[in-house]
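User: Could you take a close look at the disulfides in this model and walk me through them?

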Amino acid sequence: MRPEIVLICLAGSVFAQSVDAGPVFDEIPMAEHRYTGGWEHFVGGGLAVFDCNGDDLPELFAAGGDSPATLFVNVTGASGRLEFDPVTPENLSLTGLTGAYPLDIDSDGTLDLALLSTGANRVMRGLGGCAFEPFDLGLPETEQWTTAFTTTWEAGQVLPTLVFGNYVDRMNPEGPFGTCDTHVLLRPDGGHYADPIVLEPGFCALSMLFSDWSRSQQPDLRVSNDRHYFVRGGAEQMWRISPDISLYTEENGWQNHALWGMGIASRDVTGDGLPDVYLSSMGDQRLQIRQGDGARWVDVPYAWGTAAQRPHTGDDGRPSTGWHTAFGDVQNDGLDDIFVAKGNVDQMPDMAMDDPNSLLIATGRRRWAEGAADAGVASMARGRGAALVDLNGDGLLDLAVVNRRAAMQVWQNVTEDAGHWLSIALRQPTPNVFAVGAWIEVETDGMVQAREITIGGGHAGGSFVPEHFGLGQARGVRARVIWPDGDTGEWSVLEPDRAHILAR
């Protein structure tokens, strides 16, 4: 049964005691959905998770590539056992989609969908009741191969700023190697969007994320790129978008990294209040922590246990390929775990073919250990997009993964003796009613978890649901919100094991 939602109105990293319980997941039956297609769908396969009918149970919208996209409506009953019904509106049952992200463009309180495609991208306006209609916002009609997306709200705007990240330029006869496409930044002009701003150079982006990395009310755009196609001269990127658009360089403290970048996830894992990043890749995954005052992140030591560079079960010893990645506390012990969807691009002989997903369980402030096999989520399917989200409101994070040329999988978290938890959603007056760009700080036992509300990252898909916090055995909890304009609310005592809405 879903917990009661508590509404609290406000003016204006916990590392609690660990619980002695390993996470356990049960796979649930799902109507079949596969992400299929040739070269244009080797990448992509994103999953959007959001509540489209107002019952506080998140739906799953899965891109299908050459197969139709599918909307799985969450019909979980009072027992709490996860159940989904594939009821896809005709105007969402589209082929050619690489991914999707939920967002509320028009600030009406109903989530919309940004659809990524191998043709024209589009935005579908949410009407409630899981119905949608095309949203005419003046988006450019291009045929670019879009594989990444993120958005933020800039001050004084009634619409968010959108960025569509593109992969290889399929029309370039010199390709595919060395022919990475440019990206499209769209700024609002009243109720529509102005002419697109081209971001170049592009290095075959597979993930993007706007974040206020320095917590200065100034979001910057981080881009993770695939060196398989940029080959040489490319690297990871971070763009400043205000006051002028420019790339961060070594003069700003930026340190170049070149990898087979697939996905981005951000979370403060060091407790300094600033976001660190986890980057999925081929060969190894990179946890990078912020260093110093500039735009500088460095790889953590191998001993932290986050590289997940080879299959952890089975007899395939070749390097792994990581795709969607996400932070989340799967046993509510106050420590963030890390999920990585894995799978061969298609038939790359130098990479593992039997490549199980990774679930890196935090065993301390700066230690993780592989736990996917014991937890029951070490699927050998070619994972792509995914979500680590509480799907039934019981306070435990569940897992969903879209697979390439294999059936989508959903696992229910059935961990016993897990710790306490709470979830927090934000509301403020228009525009930006869901307070994208705000920070939530949750304090227990003198330690603070800091969490930013963002849209983007992952691999070709993302979740827009209440923020979940594991609390361990702590019961004294208080929280505050730093709103997108920097206004800081008062600390408010919250009851654990509840869903809360903090309203400005």
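Analyst: Both C52 and C130 are buried, where buried means under 20% relative accessible area, exposed means over 50% and partly exposed is in between, using a 1.4 Å probe and protein chains only. Before going on: this is a predicted model, so local features need pLDDT of at least 70 and side-chain atom pairs count only at pLDDT 80 or more, while totals for chains, interfaces and linings use all residues. Residues are numbered from 1 along each chain as its sequence is written, and side-chain values use heavy atoms, with hydrogens and water left out.

Back to the pair: C52 and C130 form a disulfide with their sulfur atoms 2.0 Å apart; the term covers a pair of cysteine sulfur atoms within 2.5 Å. The link joins distant parts of the chain, with C52 in the loop between β3 (47-50) and β4 (59-62) and C130 in the loop between β9 (122-128) and β10 (131-134), 78 residues apart. Strands here are DSSP runs of E, at least two residues, numbered from the N terminus. The torsion about the S-S bond of C52 and C130 is about 85 degrees, so this disulfide is right-handed.

A search of the whole structure turns up two disulfides. C180 and C204 form one as well, sulfur atoms 2.1 Å apart. This pair also links distant parts of the chain: C180 sits in the loop between β12 (161-166) and β13 (183-186), C204 in the loop between β16 (197-199) and β17 (205-211), 24 residues apart. Its S-S torsion is about -105 degrees, so the C180 and C204 disulfide is left-handed. C180 counts as buried because its relative accessibility is 18%, and C204 is buried at 0%. Counting bonded cysteines along the chain, the pattern is 1-2, 3-4.

Key
Helices (H or I, at least four residues) and strands (E, at least two) are DSSP runs, numbered from the N terminus.
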